[in-house]
Amino acid sequence: MFADWLRGNKFAAGLLTVLRLWLGYNWMVAGWHKMTGEGFDATGYLKNAVANPVKGPDGSMVYGWYVSFLENFALPNIELFNFIVPVGEFLVGLGLILGCLTTAAMFFGLVMNFSFFLAGTVSHNPTDIFFGFIILFAGFNAGKYGLDYWVIPYIRKTIFRQKASIK
């Protein structure tokens with residue numbers, strides 16, 4: 001019942017729009033400051049995440065696989081991460097603010113939230129994850145009062161027309 005309301009109700013779409021704009025603003029501002037500031041460098045953050053991994057109650061690493069990923073892939077490719085983190089944050093925010101490809105933007109926002117979480121940063125990530133899942137679960141209704149109103153039907157029409165012509 002709640003799922004139907006969240007995914008199809010016009011009032012829910014309005015509430016989701018407010019939530020989407022708030023989250024989008026936060027994402028976009030975070031990315032903008034990293035892109036236009038003194039120069040974003042994630043090296044120190046990633047080295048700290050490797051040196052001080054998330055530990056369980058017994059003192060052992062909880063996400064050893066993630067620490068290995070940071071140590072063996074992220075740090076050797078730090079230039080790539082110094083680019084994709086701020087640009088990704090900015091684009092997630094822009095997508096949410098404009099309501100354009102909202103579910104895709106929110107999916108990638110959640111991927112970044114979980115990445116920060118796995119690296120040991122709590123901050124506002126639990127709140128962002130909670131509200132992000134609501135937006136993701138709401139699907140099209142979250143972007144109904146945005147560009148998705150036009151973009152999603154166009155994409156569906158274009159993709160389904162191409163699939164029909166392939167058969």
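In the predicted model, residue N141 is found in the loop between α7 and α8 (148-166), where helices (H or I, at least four residues) are DSSP runs numbered from the N terminus. At 2% relative accessibility, N141 counts as buried, the term denoting under 20% relative accessible area, with exposed meaning over 50% and partly exposed lying in between (1.4 Å probe, protein chains only). The side chain of N141 reaches the backbone oxygen of L6 at 3.0 Å. Leaving aside neighbours within four places in sequence, N141 is in contact (heavy atoms within 4.5 Å) with W5, L6, R7, G8, N9, A12, A13 and L16.

As to the conventions used, residues are numbered from 1 along each chain as its sequence is written, and side-chain values use heavy atoms, with hydrogens and water left out. Because the model is predicted, local features need pLDDT of at least 70 and side-chain atom pairs count only at pLDDT 80 or more, whereas totals for chains, interfaces and linings use all residues.

L16 also belongs to the largest nonpolar core, a set of 15 residues in which L16, W27, L96, M106 and I135 touch the most other members; such a core is a set of buried Ala, Val, Leu, Ile, Met, Phe, Trp, Tyr and Cys residues joined through side-chain atoms within 4.5 Å. At least two residues of this core are supplied by each of α2 (10-36), α5 (78-98), α6 (102-118) and α7 (125-138). For L96, the contacts beyond four places in sequence are with R20, L23, G24, W27, T102, A105 and M106. A second, separate core comprises 13 residues, among them A42, L46, V67 and A74.

P53 is buried, with a relative accessible area of 14%, and, not counting residues up to four places away in sequence, P53 touches M61 and V67. Although P53 and V67 are 14 residues apart in sequence, their C-alpha atoms are 6.9 Å apart in space.

A search of the whole structure finds 1 salt bridge, defined as a side-chain nitrogen of Lys or Arg within 4 Å of a carboxyl oxygen of Asp or Glu. This salt bridge is formed by K34 with E89, the closest N and O atoms being 2.9 Å apart. Because K34 lies in helix α2 and E89 in helix α5, the pair ties together parts that are 55 residues apart in sequence. The two partners can also be described by their accessibility: K34 counts as partly exposed at 25%, whereas E89 is buried, with a relative accessible area of 3%.

Technical notes:
Polar contact = N/O pair within 3.5 Å; in protein donor to acceptor, adjacent residues only side chain to side chain.
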